[in-house]
Amino acid sequence: MTDDLDATATALDREYVFHSWLAQANLNLPVIAGGLGTEVWDFAGNRYLDFASQLVNVNIGHQHPAVVKAIQEQAATLATIGPATANLTRGQAAQRILSKAPAGFKKVFFTNGGADANENAIRMARLHTGRDTVLSTYRSYHGNTGAAIVATGDWRRMPNQYARGHAHFFGPYLYRSEFWATTPEEESARALRHLERVIQSEGPQTIAAILLESVPGTAGILVPPPGYLAGVRALCDTYGIILILDEVMAGFGRTGRWFAFEGYDVVPDLITFAKGVNSGYVPVGGVVISDEISATFDDRVFPGGLTYSGHPLAAASIVASIDAMEAEGIVDNARRVGADVIGPGLAALAEKHAIIGEVRGDGVFWALELVTDRSTREPVGADVIGRLKTEMTSRGLMPFTAENRIHVVPPCVVTDDEVARALEIYDEAFSAVPA
(Lines give C-alpha, C1' and ligand atoms only; values in the text may rest on other atoms or scores of the structure.)
Protein backbone atom coordinates (compact mmCIF):
# COMPACT_ATOMS: atom_id res chain seq x y z
CA MET A 1 0.00 0.00 0.00
CA THR A 2 2.83 2.40 0.84
CA ASP A 3 4.50 1.71 -2.52
CA ASP A 4 1.15 2.49 -4.13
CA LEU A 5 1.12 5.89 -2.39
CA ASP A 6 4.62 6.68 -3.69
CA ALA A 7 3.53 5.68 -7.17
CA THR A 8 0.31 7.68 -6.86
CA ALA A 9 2.19 10.77 -5.70
CA THR A 10 4.60 10.45 -8.63
CA ALA A 11 1.79 9.94 -11.13
CA LEU A 12 -0.20 12.91 -9.86
CA ASP A 13 2.90 15.08 -9.87
CA ARG A 14 3.81 14.17 -13.45
CA GLU A 15 0.26 14.63 -14.66
CA TYR A 16 -0.73 17.89 -12.99
CA VAL A 17 2.18 19.82 -11.44
CA PHE A 18 4.26 22.33 -13.39
CA HIS A 19 7.66 22.60 -11.69
CA SER A 20 9.98 25.59 -11.47
CA TRP A 21 13.42 25.66 -13.13
CA LEU A 22 12.92 22.23 -14.73
CA ALA A 23 12.05 20.95 -18.19
CA GLN A 24 8.72 19.25 -17.61
CA ALA A 25 9.16 16.04 -19.64
CA ASN A 26 10.55 12.90 -17.99
CA LEU A 27 10.73 14.27 -14.48
CA ASN A 28 11.54 11.70 -11.80
CA LEU A 29 11.42 13.62 -8.54
CA PRO A 30 11.75 12.09 -5.07
CA VAL A 31 8.56 11.58 -3.08
CA ILE A 32 8.67 13.07 0.40
CA ALA A 33 5.87 11.86 2.64
CA GLY A 34 7.13 13.01 6.02
CA GLY A 35 10.04 14.39 7.98
CA LEU A 36 11.39 15.02 11.43
CA GLY A 37 14.44 17.02 12.41
CA THR A 38 17.18 16.37 9.85
CA GLU A 39 15.49 13.38 8.17
CA VAL A 40 12.78 12.94 5.53
CA TRP A 41 11.19 9.76 4.16
CA ASP A 42 8.87 8.45 1.47
CA PHE A 43 5.74 6.34 1.98
CA ALA A 44 7.73 3.14 1.64
CA GLY A 45 9.89 4.17 4.58
CA ASN A 46 13.09 4.98 2.73
CA ARG A 47 14.83 7.59 4.90
CA TYR A 48 17.21 10.35 3.88
CA LEU A 49 19.38 12.82 5.71
CA ASP A 50 18.21 16.18 4.37
CA PHE A 51 21.54 17.88 3.76
CA ALA A 52 19.83 20.31 1.39
CA SER A 53 17.41 21.62 4.04
CA GLN A 54 15.03 21.46 1.05
CA LEU A 55 15.93 24.84 -0.52
CA VAL A 56 18.30 25.82 2.31
CA ASN A 57 15.36 26.98 4.37
CA VAL A 58 14.43 24.32 6.93
CA ASN A 59 16.81 25.77 9.53
CA ILE A 60 14.91 24.56 12.59
CA GLY A 61 14.44 21.09 11.10
CA HIS A 62 11.34 19.33 9.88
CA GLN A 63 8.18 19.24 12.01
CA HIS A 64 9.51 21.07 15.05
CA PRO A 65 6.70 20.47 17.56
CA ALA A 66 6.63 24.01 18.97
CA VAL A 67 6.25 25.55 15.52
CA VAL A 68 3.64 23.04 14.39
CA LYS A 69 1.67 23.63 17.59
CA ALA A 70 1.79 27.41 17.16
CA ILE A 71 0.40 27.16 13.63
CA GLN A 72 -2.38 24.82 14.79
CA GLU A 73 -3.36 27.08 17.67
CA GLN A 74 -3.35 30.18 15.47
CA ALA A 75 -5.47 28.42 12.85
CA ALA A 76 -8.01 27.55 15.55
CA THR A 77 -8.10 31.17 16.73
CA LEU A 78 -7.88 33.20 13.51
CA ALA A 79 -6.76 31.58 10.26
CA THR A 80 -6.41 34.75 8.20
CA ILE A 81 -6.84 38.50 8.36
CA GLY A 82 -6.14 41.38 5.98
CA PRO A 83 -2.96 43.45 6.23
CA ALA A 84 -4.82 46.69 6.98
CA THR A 85 -5.57 45.54 10.51
CA ALA A 86 -3.66 45.33 13.77
CA ASN A 87 -3.00 41.75 14.79
CA LEU A 88 -1.31 40.64 18.00
CA THR A 89 0.60 37.72 16.49
CA ARG A 90 1.86 39.84 13.58
CA GLY A 91 3.12 42.47 15.99
CA GLN A 92 4.83 39.84 18.10
CA ALA A 93 6.52 38.39 15.00
CA ALA A 94 7.87 41.81 14.00
CA GLN A 95 9.05 42.37 17.57
CA ARG A 96 10.92 39.04 17.60
CA ILE A 97 12.65 39.82 14.28
CA LEU A 98 13.64 43.32 15.36
CA SER A 99 15.10 41.94 18.59
CA LYS A 100 17.77 40.30 16.40
CA ALA A 101 18.43 43.35 14.21
CA PRO A 102 21.03 46.04 14.95
CA ALA A 103 20.13 49.32 16.61
CA GLY A 104 18.35 51.74 14.32
CA PHE A 105 15.74 49.32 12.95
CA LYS A 106 12.19 49.56 14.29
CA LYS A 107 9.88 48.45 11.47
CA VAL A 108 9.22 45.26 9.48
CA PHE A 109 7.36 45.06 6.18
CA PHE A 110 6.06 41.52 5.69
CA THR A 111 5.94 39.78 2.30
CA ASN A 112 5.14 36.30 1.05
CA GLY A 113 8.75 35.23 0.50
CA GLY A 114 12.29 36.27 -0.30
CA ALA A 115 11.77 37.42 -3.89
CA ASP A 116 9.09 39.95 -3.02
CA ALA A 117 11.11 41.01 0.01
CA ASN A 118 13.90 42.05 -2.36
CA GLU A 119 11.35 43.52 -4.76
CA ASN A 120 9.95 45.80 -2.06
CA ALA A 121 13.36 46.69 -0.64
CA ILE A 122 14.38 47.88 -4.10
CA ARG A 123 11.19 49.94 -4.31
CA MET A 124 11.84 51.50 -0.90
CA ALA A 125 15.40 52.42 -1.86
CA ARG A 126 14.30 54.02 -5.12
CA LEU A 127 11.55 56.04 -3.49
CA HIS A 128 13.78 57.10 -0.58
CA THR A 129 16.64 58.27 -2.80
CA GLY A 130 14.73 59.43 -5.88
CA ARG A 131 17.22 57.43 -7.94
CA ASP A 132 16.69 54.44 -10.19
CA THR A 133 19.67 52.13 -10.72
CA VAL A 134 20.31 49.06 -8.57
CA LEU A 135 23.75 47.44 -8.59
CA SER A 136 24.15 43.75 -7.79
CA THR A 137 26.71 41.06 -8.48
CA TYR A 138 26.86 38.63 -11.36
CA ARG A 139 27.19 35.74 -8.91
CA SER A 140 23.89 36.15 -7.08
CA TYR A 141 20.30 35.04 -6.82
CA HIS A 142 17.64 37.37 -5.42
CA GLY A 143 14.36 35.72 -6.46
CA ASN A 144 12.02 35.25 -9.40
CA THR A 145 9.84 38.36 -9.46
CA GLY A 146 10.26 41.34 -11.80
CA ALA A 147 13.09 43.39 -10.29
CA ALA A 148 14.48 40.58 -8.12
CA ILE A 149 15.21 38.31 -11.09
CA VAL A 150 16.89 41.11 -13.02
CA ALA A 151 18.97 41.95 -9.95
CA THR A 152 20.02 38.29 -10.01
CA GLY A 153 23.33 37.89 -11.81
CA ASP A 154 23.25 34.30 -12.97
CA TRP A 155 21.69 32.83 -16.14
CA ARG A 156 18.16 32.86 -14.72
CA ARG A 157 17.81 36.59 -15.30
CA MET A 158 18.54 36.35 -19.03
CA PRO A 159 15.10 35.20 -20.25
CA ASN A 160 13.40 37.48 -17.69
CA GLN A 161 14.96 40.91 -18.19
CA TYR A 162 11.88 43.08 -18.28
CA ALA A 163 12.66 45.41 -15.36
CA ARG A 164 14.65 48.60 -15.84
CA GLY A 165 17.47 50.26 -13.97
CA HIS A 166 19.83 47.37 -13.16
CA ALA A 167 23.57 46.96 -13.58
CA HIS A 168 25.94 44.25 -12.40
CA PHE A 169 29.48 43.94 -11.11
CA PHE A 170 31.86 41.20 -9.97
CA GLY A 171 32.03 40.44 -6.28
CA PRO A 172 34.95 38.72 -4.54
CA TYR A 173 35.61 35.03 -5.30
CA LEU A 174 39.27 34.32 -4.66
CA TYR A 175 39.21 30.74 -5.96
CA ARG A 176 38.24 32.07 -9.41
CA SER A 177 39.38 35.65 -9.01
CA GLU A 178 38.42 38.20 -11.63
CA PHE A 179 41.13 40.48 -10.24
CA TRP A 180 44.32 38.35 -10.43
CA ALA A 181 44.39 38.33 -6.63
CA THR A 182 46.42 35.78 -4.68
CA THR A 183 45.30 36.58 -1.11
CA PRO A 184 41.93 37.34 0.50
CA GLU A 185 43.15 40.86 1.28
CA GLU A 186 44.07 41.50 -2.36
CA GLU A 187 40.75 40.10 -3.54
CA SER A 188 38.86 42.38 -1.16
CA ALA A 189 40.77 45.53 -2.08
CA ARG A 190 40.61 44.91 -5.83
CA ALA A 191 36.93 43.94 -5.78
CA LEU A 192 36.16 47.17 -3.92
CA ARG A 193 38.16 49.19 -6.44
CA HIS A 194 36.23 47.51 -9.26
CA LEU A 195 32.92 48.30 -7.56
CA GLU A 196 33.88 51.95 -7.10
CA ARG A 197 34.75 52.24 -10.79
CA VAL A 198 31.35 50.75 -11.68
CA ILE A 199 29.66 53.28 -9.39
CA GLN A 200 31.57 56.12 -11.01
CA SER A 201 30.93 54.83 -14.52
CA GLU A 202 27.19 54.33 -13.96
CA GLY A 203 26.94 57.75 -12.31
CA PRO A 204 26.61 57.86 -8.50
CA GLN A 205 23.72 60.30 -8.77
CA THR A 206 21.68 57.60 -10.59
CA ILE A 207 22.26 54.74 -8.16
CA ALA A 208 19.59 54.00 -5.56
CA ALA A 209 20.99 50.87 -3.99
CA ILE A 210 23.60 48.17 -3.91
CA LEU A 211 21.92 44.82 -3.31
CA LEU A 212 24.15 42.02 -1.98
CA GLU A 213 23.66 38.65 -0.41
CA SER A 214 25.65 38.89 2.81
CA VAL A 215 27.03 35.44 1.93
CA PRO A 216 26.05 34.52 -1.65
CA GLY A 217 24.30 31.17 -1.40
CA THR A 218 23.16 29.54 -4.62
CA ALA A 219 26.11 31.22 -6.35
CA GLY A 220 28.54 29.16 -4.32
CA ILE A 221 28.51 30.07 -0.61
CA LEU A 222 31.08 32.79 -1.24
CA VAL A 223 32.22 33.89 2.21
CA PRO A 224 33.25 37.57 1.96
CA PRO A 225 36.98 38.25 2.39
CA PRO A 226 38.17 40.53 5.21
CA GLY A 227 36.99 44.10 4.85
CA TYR A 228 34.79 43.62 1.81
CA LEU A 229 31.31 44.22 3.23
CA ALA A 230 32.59 47.06 5.42
CA GLY A 231 34.20 48.52 2.29
CA VAL A 232 30.91 48.34 0.39
CA ARG A 233 29.24 50.14 3.30
CA ALA A 234 31.89 52.87 3.09
CA LEU A 235 31.33 53.29 -0.65
CA CYS A 236 27.56 53.55 -0.09
CA ASP A 237 28.16 56.24 2.52
CA THR A 238 30.52 58.14 0.21
CA TYR A 239 28.09 58.19 -2.70
CA GLY A 240 24.76 58.36 -0.83
CA ILE A 241 23.67 54.86 -1.88
CA ILE A 242 21.35 52.56 0.08
CA LEU A 243 22.88 49.23 1.09
CA ILE A 244 20.44 46.31 0.97
CA LEU A 245 21.73 43.06 2.42
CA ASP A 246 19.84 39.99 1.27
CA GLU A 247 19.70 37.58 4.24
CA VAL A 248 17.02 35.37 2.71
CA MET A 249 19.23 32.28 2.66
CA ALA A 250 22.05 33.29 5.02
CA GLY A 251 19.92 34.61 7.88
CA PHE A 252 18.43 33.14 11.04
CA GLY A 253 21.12 30.69 12.05
CA ARG A 254 22.48 29.46 8.74
CA THR A 255 25.96 30.91 9.34
CA GLY A 256 25.83 30.32 13.09
CA ARG A 257 24.63 33.89 13.63
CA TRP A 258 21.15 35.39 13.62
CA PHE A 259 22.15 37.56 10.67
CA ALA A 260 25.16 36.62 8.58
CA PHE A 261 26.36 40.22 8.31
CA GLU A 262 27.01 40.30 12.06
CA GLY A 263 30.38 38.70 11.36
CA TYR A 264 31.58 41.43 8.99
CA ASP A 265 31.51 44.82 10.77
CA VAL A 266 28.68 46.19 8.64
CA VAL A 267 25.16 47.48 9.18
CA PRO A 268 22.93 47.83 6.09
CA ASP A 269 20.03 50.21 5.50
CA LEU A 270 17.56 47.48 4.57
CA ILE A 271 17.63 43.77 5.46
CA THR A 272 15.60 41.24 3.50
CA PHE A 273 14.67 37.88 5.03
CA ALA A 274 12.57 34.76 4.50
CA LYS A 275 13.45 31.03 4.59
CA GLY A 276 15.05 30.48 8.01
CA VAL A 277 12.87 33.00 9.88
CA ASN A 278 10.28 30.20 10.23
CA SER A 279 11.94 27.39 8.24
CA GLY A 280 9.36 27.75 5.48
CA TYR A 281 6.56 26.13 7.48
CA VAL A 282 4.28 28.86 6.11
CA PRO A 283 5.37 31.11 3.21
CA VAL A 284 6.70 34.43 4.54
CA GLY A 285 9.42 37.00 4.05
CA GLY A 286 9.99 40.64 4.69
CA VAL A 287 12.12 43.74 4.91
CA VAL A 288 13.65 45.08 8.11
CA ILE A 289 13.67 48.86 7.60
CA SER A 290 16.08 51.39 9.06
CA ASP A 291 14.57 54.29 10.96
CA GLU A 292 15.69 56.80 8.31
CA ILE A 293 14.02 54.96 5.43
CA SER A 294 10.94 54.17 7.49
CA ALA A 295 10.52 57.90 8.23
CA THR A 296 10.30 58.58 4.48
CA PHE A 297 6.87 56.98 4.56
CA ASP A 298 5.55 58.55 7.74
CA ASP A 299 3.50 61.05 5.71
CA ARG A 300 3.78 59.42 2.32
CA VAL A 301 2.10 56.24 1.16
CA PHE A 302 4.40 53.34 0.34
CA PRO A 303 2.97 52.04 -2.93
CA GLY A 304 3.29 48.36 -2.18
CA GLY A 305 1.24 45.72 -0.47
CA LEU A 306 0.23 42.08 -0.50
CA THR A 307 -3.02 40.40 0.46
CA TYR A 308 -1.18 37.96 2.72
CA SER A 309 1.38 40.36 4.18
CA GLY A 310 1.88 39.42 7.82
CA HIS A 311 -0.44 36.42 7.55
CA PRO A 312 -1.30 35.23 11.08
CA LEU A 313 -0.27 31.62 10.47
CA ALA A 314 3.10 32.79 9.18
CA ALA A 315 3.44 35.23 12.07
CA ALA A 316 2.71 32.51 14.61
CA SER A 317 5.33 30.27 13.03
CA ILE A 318 7.91 33.09 13.23
CA VAL A 319 7.25 33.70 16.92
CA ALA A 320 7.48 30.00 17.75
CA SER A 321 10.54 29.45 15.58
CA ILE A 322 12.59 32.33 17.01
CA ASP A 323 11.57 31.42 20.55
CA ALA A 324 12.53 27.78 20.03
CA MET A 325 15.84 28.70 18.41
CA GLU A 326 16.66 30.85 21.44
CA ALA A 327 15.51 28.36 24.06
CA GLU A 328 17.23 25.39 22.46
CA GLY A 329 20.48 27.10 21.47
CA ILE A 330 19.93 26.22 17.82
CA VAL A 331 21.96 29.11 16.40
CA ASP A 332 24.83 28.26 18.73
CA ASN A 333 24.59 24.64 17.62
CA ALA A 334 24.95 25.71 13.98
CA ARG A 335 28.04 27.74 14.83
CA ARG A 336 29.64 24.97 16.90
CA VAL A 337 28.88 22.07 14.58
CA GLY A 338 30.19 24.05 11.63
CA ALA A 339 33.44 25.01 13.29
CA ASP A 340 34.10 21.74 15.12
CA VAL A 341 32.60 19.04 12.93
CA ILE A 342 31.51 20.03 9.42
CA GLY A 343 34.48 22.24 8.52
CA PRO A 344 37.18 19.81 9.72
CA GLY A 345 35.30 16.85 8.23
CA LEU A 346 35.05 18.46 4.80
CA ALA A 347 38.71 19.49 4.95
CA ALA A 348 39.61 15.85 5.61
CA LEU A 349 37.56 14.79 2.59
CA ALA A 350 39.44 17.32 0.47
CA GLU A 351 42.74 15.81 1.61
CA LYS A 352 41.52 12.42 0.42
CA HIS A 353 39.72 13.26 -2.82
CA ALA A 354 41.43 15.32 -5.54
CA ILE A 355 38.04 16.11 -7.07
CA ILE A 356 37.47 18.62 -4.26
CA GLY A 357 39.17 21.84 -5.32
CA GLU A 358 38.04 24.04 -2.45
CA VAL A 359 36.07 23.83 0.79
CA ARG A 360 34.46 27.03 2.07
CA GLY A 361 31.71 27.98 4.44
CA ASP A 362 30.51 28.87 7.91
CA GLY A 363 27.97 27.45 10.35
CA VAL A 364 25.79 24.99 8.42
CA PHE A 365 26.48 26.76 5.12
CA TRP A 366 29.29 25.04 3.17
CA ALA A 367 30.28 24.32 -0.42
CA LEU A 368 32.58 21.78 -2.02
CA GLU A 369 33.83 23.08 -5.36
CA LEU A 370 34.57 20.11 -7.58
CA VAL A 371 37.23 20.14 -10.31
CA THR A 372 38.73 17.73 -12.82
CA ASP A 373 42.22 19.05 -12.07
CA ARG A 374 43.32 21.07 -9.05
CA SER A 375 46.05 22.89 -10.97
CA THR A 376 43.76 24.15 -13.75
CA ARG A 377 40.63 24.29 -11.54
CA GLU A 378 38.52 23.11 -14.46
CA PRO A 379 34.99 22.48 -13.15
CA VAL A 380 33.58 18.97 -13.31
CA GLY A 381 30.74 18.48 -15.75
CA ALA A 382 27.04 17.98 -15.13
CA ASP A 383 27.45 14.24 -15.69
CA VAL A 384 29.79 13.95 -12.70
CA ILE A 385 27.43 15.95 -10.49
CA GLY A 386 24.52 13.79 -11.64
CA ARG A 387 26.36 10.57 -10.79
CA LEU A 388 27.41 11.92 -7.40
CA LYS A 389 23.84 12.92 -6.65
CA THR A 390 22.65 9.41 -7.53
CA GLU A 391 25.31 7.81 -5.34
CA MET A 392 24.46 10.02 -2.37
CA THR A 393 20.72 9.55 -2.69
CA SER A 394 21.07 5.78 -2.96
CA ARG A 395 23.01 5.82 0.32
CA GLY A 396 20.34 7.80 2.16
CA LEU A 397 21.40 11.43 1.78
CA MET A 398 19.53 14.19 -0.01
CA PRO A 399 22.19 16.53 -1.44
CA PHE A 400 22.07 20.09 -2.71
CA THR A 401 23.89 20.49 -6.02
CA ALA A 402 24.58 23.63 -8.04
CA GLU A 403 26.75 23.79 -11.15
CA ASN A 404 30.03 22.06 -10.20
CA ARG A 405 29.39 22.15 -6.47
CA ILE A 406 27.95 20.14 -3.63
CA HIS A 407 26.48 22.45 -0.99
CA VAL A 408 26.55 21.00 2.52
CA VAL A 409 23.59 22.75 4.12
CA PRO A 410 21.82 20.66 6.77
CA PRO A 411 19.31 22.11 9.24
CA CYS A 412 20.78 24.09 12.13
CA VAL A 413 19.65 21.31 14.49
CA VAL A 414 21.95 18.72 12.89
CA THR A 415 23.86 16.57 15.37
CA ASP A 416 27.49 15.49 15.36
CA ASP A 417 26.43 11.90 14.66
CA GLU A 418 24.31 12.97 11.68
CA VAL A 419 27.22 14.95 10.26
CA ALA A 420 29.44 11.88 10.71
CA ARG A 421 26.92 9.77 8.75
CA ALA A 422 26.79 12.37 5.99
CA LEU A 423 30.57 12.59 5.78
CA GLU A 424 30.74 8.81 5.31
CA ILE A 425 28.22 9.04 2.47
CA TYR A 426 30.10 11.88 0.79
CA ASP A 427 33.32 9.87 1.12
CA GLU A 428 31.75 6.76 -0.42
CA ALA A 429 30.20 8.76 -3.26
CA PHE A 430 33.48 10.50 -4.14
CA SER A 431 35.24 7.12 -4.10
CA ALA A 432 32.60 5.70 -6.47
CA VAL A 433 32.68 8.66 -8.90
CA PRO A 434 36.22 9.85 -9.67
CA ALA A 435 36.57 13.07 -11.65
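Author: In this predicted model, the second largest pocket is lined by Lys107, Val108, Phe109, Met124, Ile289, Ile293, Ser294, Phe297, Arg300, Val301, Phe302 and Gly304. Strand 4 (105-111) and helix 9 (291-296) are the elements that give two or more residues to this lining. Of these, strand 4 provides the largest share, with 3 residues. The volume of the pocket is about 320 Å³. Sorted by class, its lining comprises 8 nonpolar, 2 polar and 2 charged residues. As a general principle, rolling a probe the size of a water molecule over the atoms shows where empty space is left.

Ser309 may be considered next. Ser309 belongs to the loop between helix 9 and helix 10 (312-327). With a relative accessible area of 10%, Ser309 is buried, because the cut-off for that class is under 20%. A polar atom of the Ser309 side chain lies 2.5 Å from the backbone oxygen of Phe110.

Another part of the chain is the hairpin formed by strand 2 and strand 3, with 5 residues between them. Strand 2 (residues 39-41) and strand 3 (residues 47-50) run antiparallel and are joined by 3 bridges. Within this pairing, Trp41 has Arg47 of strand 3 as its bridge partner. In the turn, Gly45 has a positive phi of about 95°. Ala44 also lies in the loop between strand 2 and strand 3. At 35% relative accessibility, Ala44 counts as partly exposed, because that value falls between the limits of 20% and 50%. The C-alpha atom of Ala44 is separated by 8.2 Å from that of Leu5, although the two residues are 39 residues apart along the chain.

Strand 3 has a further pairing, with strand 14 (residues 397-398): the two run parallel and are joined by 2 bridges. Here Asp50 stands opposite Met398 in strand 14.

The buried residues of helix 13 are Glu418, Val419, Ala422, Leu423, Ile425, Tyr426, Asp427, Ala429 and Phe430. In general, an α-helix has 3.6 residues a turn, so residues three or four places apart point the same way.

Conventions. Residues numbered from 1 in each chain as written. Predicted model: local features only at pLDDT ≥ 70, side-chain atom pairs only at ≥ 80, totals over all residues. Heavy atoms only, no water. Pairing = 2+ DSSP bridges. Helix = DSSP H or I, 4+ residues; strand = E, 2+ residues; numbered from the N terminus. Buried < 20%, exposed > 50% of the residue type's maximum accessible area, 1.4 Å probe, protein only. 1 Å grid on protein atoms, 1.4 Å probe; cavity = no way out; pocket = protein on both sides within 12 Å on 5 of 7 lines; lining within 4 Å. Points joined across faces, edges and corners; volume = space filled by probe spheres on them. Nonpolar A, V, L, I, M, F, W, Y, C, P; charged D, E, K, R; others polar. Polar contact = N/O pair within 3.5 Å; in protein donor to acceptor, adjacent residues only side chain to side chain.
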